[in-house]
Amino acid sequence: FAESPDGWKVPKGLFEQNLVEVEPQQVKVVFGKLPGWLRGKLYRVGSGMFEKGNRKIISVLDGLSKVHLWSFNGEAPPTFATSFLKSSIYNRTMAAGEIVPFLHLHRMEPPPTILEKLKAQFYDDRADNNNIAPWKLTSGGITICNESPVYIDVDSDTLNYQRKFVPKSSDYDWLVKEAFSASHFARHPSGDSI
């Protein structure tokens, strides 16, 4: 596919951040042609931002989440859209002008202070930098999952944020709640299914 007129470029590697968000638009096929039977939508989620302000994320698994959508309708030109997942971590990062400390797998540079680590551990919402799996719900939306029991729903056509589900403490006992992997769920907290 050709590069987007909005400045979106195909990243050259895992750690190349791409900060451009693209509303759904047609893209040009530059080599070959699409088969007539190719129809549907392909969603992918991964890291899109590794640094902002004075703080840098060192692990590809901890980069701020970005959702990508390719829509195919036979031989017609495909469409493409991409948007950062508007999680609380993303929103706080944008408001602060630098990546905020959150529970992460590897490390950040500069490292969070002891107070920042304690705040992330005890006072923040559950980790909602969901960047593992997009699931299409029977209701038509898309939910983005992570290894924590948090679901963030986005619109299936525009990728706009719709809502966030976090199980209440009473939903699970402590061990199940903290260890449960939401990335492989069969039932959405709303009662919807995949």
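Here are legends for a few close-up views of this predicted model.

**View 1. The open sheet of β8, β9, β10 and β11.** Four strands make up this open sheet, arranged in the order β8-β9-β10-β11 with antiparallel pairing. At its edges lie β8 (133–136) and β11 (161–165), each of which pairs on one side only. As a reminder, strands of a sheet pair through backbone hydrogen bonds, either parallel or antiparallel.

**View 2. Where β9 meets β10.** Zooming in on this sheet, we find strand β9 (residues 142–145) joined to strand β10 (residues 151–154) by three bridges. The two strands run antiparallel. To get your bearings, look for T143, which stands opposite D153 in β10.

**View 3. Strand β6 and its cover.** Now we turn to β6, which spans residues 79–84 and is mostly covered. Five of its six residues are buried, that is, under 20% relative accessible area.

**View 4. β6 with its partners β1 and β5.** Strand β1 (residues 22–26) runs antiparallel to β6 and is joined to it by three bridges. Strand β5 (residues 64–73) is also antiparallel to β6, with six bridges between them. T79 in β6 is a handy landmark here: Q26 stands opposite it, and S71 stands opposite T79 as well.

**View 5. The hairpin of β5 and β6.** Five residues lie between the two strands of this hairpin.

Notes
Residues are numbered from 1 along each chain as its sequence is written. This is a predicted model: local features need pLDDT of at least 70, side-chain atom pairs count only at pLDDT 80 or more; totals for chains, interfaces and linings use all residues. Side-chain values use heavy atoms; hydrogens and water are left out. Two strands pair if DSSP finds at least two bridges between them. Buried means under 20% relative accessible area, exposed over 50%, partly exposed in between (1.4 Å probe, protein chains only).
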